[in-house]
Amino acid sequence: MTESALHAAAGGTDRSPRVRFWRDLSFWGLLPSWLLMGLALILPIAIIAAVSLATRGAHGGFTWDFNLAGYRQILFNEGWTGELEFTPQYLLIVARTFALAGATTLICLVFAVPVAYFISRQPPGRKAALVYLVTLPFWVSMILRVYAWMIILGKDGTLPRFLETLGLPAGMSFMFNDGATLTAMVYTAMPLMVLPVFASIEKLDGTLIEASHDLYGNRWVTLRRVILPLTAPGLVAGAILVFVPALGAVLEPSLMGGGKQMMMGTLIQLQFGGGRNWPFGAAIAMTLMALVLVFLLVMALRAARREDVR
Amino acid sequence: MMKGHDVKHYPGLGPLAVFFFIYLYAPLAVIIAYSFNANRVAGVWTGFSTHWYASALNNRALMNALETSLTVAAVATVVSTLIALSAALAIIRGKNVRYRKLCETIVNLPLLLPEIVLAVATLILFSLVNVQNGMLRLVIAHSAFCTPFAFLPIRARLQGMSLDLEEASADLYADRWTTFRRVTLPLIFPGVFSGAMLAFLISMDDFITSNMLSTGGSTTLPVYIFSLIRAGTSPELNAIATLLILASLILATVALLVAARGTRENAEP
């Protein structure tokens, strides 16, 4: 019996006090969340959308004169006489953001699939313990997980010291480049990928794997034609969970990448430090938000289409 | 069955998994090991010492940051859990809820937007309406982005629960409040607890929003740690980090045990 049928059976007609109560409850119960999200989320987003079209103030801040200068600055540099010159520097940051977020997602996927498969093949007790071990680092503060890689890769760090004992030159540093940022991004995102992938591999029907082998599919063919297609929803869920926050990464690029290897998140943050360019920062923020929402929309539509096919 | 003939077995998975778990835990182990180093230069080991723990515990600025973080997290947890609980009850139990999907999306909105965008947007709002109080700014912003984390476990728990017991309670002339307090709440408690725990940890862990909104007098723990890291790595920082790692591991274990007990009880009614 469905929920509403149960209600009808127990509550009777629409006029009964029970049913009226549940209706009141749905209004009063939802009101606090509407108020909170309206004031602390929708209103600020509306304001930042407006600020992205405003004019930069003379002493920081902004004035309400609407124009597209904030967005134009992403692509063009305005010279002294007002001529526009194409500058790729911010486009490069957008490209780096996508490249690093994409690479993070791919690397996490490549490791998460075999590890999740391994965990799913363990006996129940050990399986639960391993899932717990995957979850645990996720609860450790993000900044500390990034910091750990700073002491490993940095000057006088664990890795340079270790390489020194192997006879390589002393004083090597692996910090302040895209590779360092990527290392930290992969490390912080990994549990977010393993868990959804594990959840879908766990549900996989083992007899289908056996059937594939009975039909002379080898392990590679079985992996590619049976295991991966059947676990695709979990892989997609993991990819979204990793890719979207990675696009907005701030801690990893600002600690590991140094000042010059910026991502969109750090570029936005920079514009809102004392007396910088708020409309430009708002324009980049709107761009980032639009990119994320388009990505999520495409993913949702694809998922809906997959449902239809079934 | 011989291992070599097991079709579900892929060679090399075992070693890869071992490597994976070492990879997950080695960085944390490195911090913990360095925190006991007597030498000021973190990378040079000169001997075992607990000196840096004493100096961490005597650090006024650290304790102030901890207090700020705990206060903000406690208030944000209570606010977001209550809001999430009432929204979940309304969405799952409410009748005639129009736009049910939309209501859920509104509660989950913070998960869909990049945090940095929300952080600077909130900063602009607060500077426009002139909210200068750092604690107030943090509590409002944290309550908003913690709500979906509190909402999801509560919703899952509520959805998996049949209406029978609540109906029975109503049949026995219990009023709405009594039914909620004596029947519904105890049944969904594991979900509420997991939700509150998640909200608390998300708030404690937050850097991006807090860094944007905190003022001189309201530095949170991650923002303070960020300033320490910027000033250069030090063994005291490693000691602080170790204490925090242990605290979160203990908290996580408690939370997961409670959640596990909840699902087991649920499985054998």
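Reply:
**Salt bridges and their surroundings**

A:Arg96 is buried, with a relative accessible area of 15%, where buried means under 20% relative accessible area, exposed means over 50% and partly exposed lies in between, with a 1.4 Å probe and protein chains only. This is a predicted model in which local features need pLDDT of at least 70 and side-chain atom pairs count only at pLDDT 80 or more, while totals for chains, interfaces and linings use all residues; side-chain values use heavy atoms, without hydrogens and water. Residues are numbered from 1 along each chain as its sequence is written, and chains are lettered from A and ligands numbered from 1 in the order in which they are written.

The side chain of A:Arg96 meets that of A:Asp178 in a salt bridge of 3.1 Å, N to O, a salt bridge being a side-chain nitrogen of Lys or Arg within 4 Å of a carboxyl oxygen of Asp or Glu. Distant parts of the chain are linked by this pair, since A:Asp178 belongs to helix H8 (residues 178-202) of chain A and A:Arg96 to helix H4 (residues 89-120) of chain A, 82 residues apart. Helices here are DSSP runs of H or I with at least four residues, strands are runs of E with at least two, and both are numbered from the N terminus. In contrast to the buried A:Arg96, A:Asp178 counts as partly exposed, at 29% relative accessibility.

Over all chains, the structure holds 4 salt bridges. Another of them joins the side chains of A:Glu202 and A:Lys127 at 3.2 Å, N to O, and this pair, too, links distant parts of the chain, with A:Glu202 in helix H8 of chain A and A:Lys127 in helix H5 (residues 124-139) of chain A, 75 residues apart. A:Glu202 is partly exposed at 34% relative accessibility, whereas A:Lys127 is buried, with a relative accessible area of 16%.

In chain B, B:Glu166 forms a salt bridge with B:Arg93, and the closest N and O atoms are 3.1 Å apart. B:Glu166 lies in helix H7 (residues 164-171) of chain B and B:Arg93 in helix H3 (residues 60-93) of chain B, so parts that are 73 residues apart in sequence are tied together. Both B:Glu166 and B:Arg93 are buried.

If residues up to four places away in sequence are not counted, A:Met256 touches several residues, among them A:Trp149, A:Phe176 and A:Asn177, where contact means heavy atoms within 4.5 Å.

Elsewhere in chain B, B:Leu198 is found in helix H8 (residues 176-205) of chain B and is partly exposed, with a relative accessible area of 27%. B:Leu198 touches B:Phe149 and B:Pro153, again leaving aside residues up to four places away in sequence. B:Leu198 and B:Thr81, although 117 residues apart in sequence, are 9.8 Å apart in space, C-alpha to C-alpha.
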